[in-house]
Amino acid sequence: FRFIADGHIAYMALIDPDDAPTLLDILIEESEQNNHPFLLMGVCENMIPIIEASKPGYFAFTYHRDYCDYIYRREALMTLSGKKLQSRRNFANRFRRLYPNYIYAPLSKDDFNDCLTLDKRWLQRKANGEVEEEDNAERAFIKRIFNAWDQLGGCGATIRVNNELVAFTFGAAIREHIFDVCVEKANPLYEGSYAIINQEFAGHLPEQFELINREEDLGIDGLRKV
């Protein structure tokens, strides 16, 4: 996978030891053709020896906290029990008290326009009307997923209050027992909307998923959990 990270061409880390030497040479050559130093992201510690064995001493490895994923046990997000998740549990319970007639439902094509409207309003609130480049990239990503929803086997959910969409989320399986949450959006004017979509979605996922990957925080203070 090739993508743009902070304005720099980057590649997702490869994991097959047998193919690593050949693929690294191909990607390095392509990076040079694009006038970018080679950058491989998503490298886990167990991959470092594989990459190093392919080209000894060639790479410099740097730990980047902003790109570390948050991995939860599904049961923890369902129950929100314990001290560490108390704040999230309080927000979810507050939402239930304020909006007892809310409706949870699987995300369908009929929801797509409302989702894009909610996302647009979310962007306007976030940037006071000024949409940043990475926000546009995420919005383009959401549209692309919606356009290929059936082919990708998308799985998501919505929360509505009085028929108004106040939160939506979607993702996909990355292993038979691991689900990746790609997008989660909510209207902050509905207190606890993020917590409730998070908890409800975890509770409605098929039981085969033992772990939920909520991806990285990109160093954003509002998302960072110490």
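The structure, a predicted model, holds one cavity of 30 Å³ or more. Here a cavity is a set of points, on a 1 Å grid over the protein atoms alone, where a 1.4 Å probe fits but cannot get out. Rolling a probe the size of a water molecule over the atoms shows where empty space is left. The largest cavity has a volume of about 50 Å³, a volume being the space filled by probe spheres set on the points, with grid points joined across faces, edges and corners.

Its lining (residues with an atom within 4 Å of a point) includes L77, T169, V181, E184 and R214. By class, seven lining residues are nonpolar, two polar and two charged; Ala, Val, Leu, Ile, Met, Phe, Trp, Tyr, Cys and Pro count as nonpolar, Asp, Glu, Lys and Arg as charged, and the others, Gly among them, as polar. Strand 8 (178–186) and helix 8 (193–204) each supply at least two lining residues, and helix 8 gives the most, with four. Helices (H or I, at least four residues) and strands (E, at least two) are DSSP runs, numbered from the N terminus.

Turning to the backbone, L80, in the loop between helix 3 (74–79) and helix 4 (86–98), has a positive phi near 50° without being a glycine.

Residues are numbered from 1 along each chain as its sequence is written. Local features need pLDDT of at least 70, side-chain atom pairs count only at pLDDT 80 or more, and totals for chains, interfaces and linings use all residues, while side-chain values use heavy atoms, leaving out hydrogens and water.

Terms used: On a 1 Å grid over the protein atoms alone, a cavity is a set of points where a 1.4 Å probe fits but cannot get out, and a pocket is an open set with protein on both sides within 12 Å along at least five of seven lines; lining residues have an atom within 4 Å of a point.
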